[in-house]
Amino acid sequence: MHLRNPREGYPKYNAQDSAGSFTKICDKLIDECVRDLDKTHELPVAEKKWLKKMLEYNTKGGKMNRGLMVVVSGEKIFESKGLPVDSDALTKLAVLGWCIEWLQAWLLIADDYMDDSQTRRGQPCWYKIDNVKQIAINDAFIVEMFVFRVLKRHFWAEPYYHQLVDLFMETTFQTETGQLLDLQCMNLGLDDFTEKRWELIVKYKTAFYSFYLPVALGMTVAGVDDRKAYDAAREPLIQMGIYFQAQDDFLDCFGTPEQIGKIGTDIQDKKCGWLFVKAYHSLASPEQKKYLDKHYGQCKVDSEEELAIRKMYKDLKLEDVYQKYEQQSYDGIMAMQPGVEAANLPWAVFDVFLKKVYKRSK
């Protein structure tokens, strides 16, 4: 039985312009997801238009790092195994890359609503649009389901289809447990905001889906089936994810909205963040801790109290503490190279990731 290639009619993937080729695939996926919903789910024209607009608004405009890393990872692993890297192989990887981008999109739609965030990627959060509001929660669920519909459409006939589904299901659950750890901070005292809790939050909320998943998908498509190889890949990638989130927490305070594409709200939102954990448990004087007890999570962005906490972070020389942490993280990740290479994985995959995040400023 001859199976029709679901990517038939897709533009040829140009490895020399990976970002351009990758972007075009999002348009194809949006069209595929929405096009036949009037026939398959009796969806009226207005709702089809809504879904198309919602996907356009929420899945585009990011840096696409996670999605592009699926392509880069897969390509480098294919080459290391002596496998051909043709246009369809790259397009397959790109489709999986967009599945991660859409996974992130629905998580952010919900996250922004729960955190009462104002902006995302330089534009109002989806729920802040006048005719959206609470509909955003259902839209988030729909984007999540679109991820699994894309996986089914493009990979159901592949021998590794069930592995892909399992990876997305497990990673989604890991991310949601990380979100739970984060949200429960509203019910905890500041003494409970320990470095261990911060590490658990960022490991599960960010590191698995942003760092491990892109590489694991590339490995899966390339036919890597040795569990030890996945274990060897996971360790440095999770450490990169933890370091990445420390950067994010640092930039929330010390970066500008133009740099990071959003307004930093960690102090207002009572976030268990890297800066707070270091200040509260290691560096703050009794008077400064008393000020944090009174105002952390109890003040608005740019209020006198919030600006005072930002100044406190500067006075405590947290910028210097962060620079040392950054170097220690980098050295620790590099020390894992022999273990990765012993598992027959090209370190070049991990090196690309590290170069993207090391000393980033946005």
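Biologist: How much area do domain 1 and domain 2 bury between them, and what share of it is on carbon and sulfur atoms?

Modeller: Happy to walk you through it, and please keep in mind that this is a predicted model. Between them, domain 1 and domain 2 bury about 3,200 Å², with 70% of that area on carbon and sulfur atoms. On the domain 1 side, the residues that lose the most area to domain 2 are R66, M69 and I77, which together make up 17% of what that side buries. As for why I answer in terms of area, the size of an interface is often given as the accessible area lost when the parts come together.

Let me place the two partners for you. The domain assignment gives residues 11-156 to domain 1 and residues 158-361 to domain 2. Their C-alpha centres are 23 Å apart. Counting residues in contact, domain 1 contributes 36 and domain 2 contributes 37.

Now for the polar side of this interface. Six residue pairs are in polar contact between domain 1 and domain 2, counting pairs with both residues at pLDDT 80 or more. The salt-bridge rule finds three bridges across the interface. There is also a salt bridge between K205 and D111, whose closest N and O atoms are 3.6 Å apart; the cut-off for such a bridge is 4 Å, so this pair counts.

Which elements build the domain 1 side? At least two residues each come from α4 (65-80), α5 (87-115), β1 (119-120) and α6 (135-155). Helix α5 has the largest share of the side that touches domain 2, with twelve residues. Sorted by class, that side of domain 1 holds 19 nonpolar, ten charged and seven polar residues.

The salt-bridge count comes to 21. One example is D31 with R35, where the closest N and O atoms are 2.8 Å apart. Both D31 and R35 belong to helix α1 (residues 18-35) and sit four residues apart, about one turn of the helix.

Aromatic pairs number 19 by the rule. Take W274 and Y322: their ring centres are 5.7 Å apart and their planes meet at 80°, so this pair is edge-to-face. Because W274 lies in helix α11 (residues 274-283) and Y322 in helix α14 (residues 318-334), the pair ties together parts that are 48 residues apart in sequence.

Conventions
Residues numbered from 1 in each chain as written. Predicted model: local features only at pLDDT ≥ 70, side-chain atom pairs only at ≥ 80, totals over all residues. Heavy atoms only, no water. Domains from an automatic or database assignment. Contact = heavy atoms within 4.5 Å. Buried area = accessible area lost by both parts, 1.4 Å probe. Salt bridge = Lys/Arg side-chain N within 4 Å of Asp/Glu carboxyl O. Polar contact = N/O pair within 3.5 Å; in protein donor to acceptor, adjacent residues only side chain to side chain. Nonpolar A, V, L, I, M, F, W, Y, C, P; charged D, E, K, R; others polar. Phe/Tyr/Trp six-rings, centres within 6.5 Å; stacked < 30°, edge-to-face > 60°.
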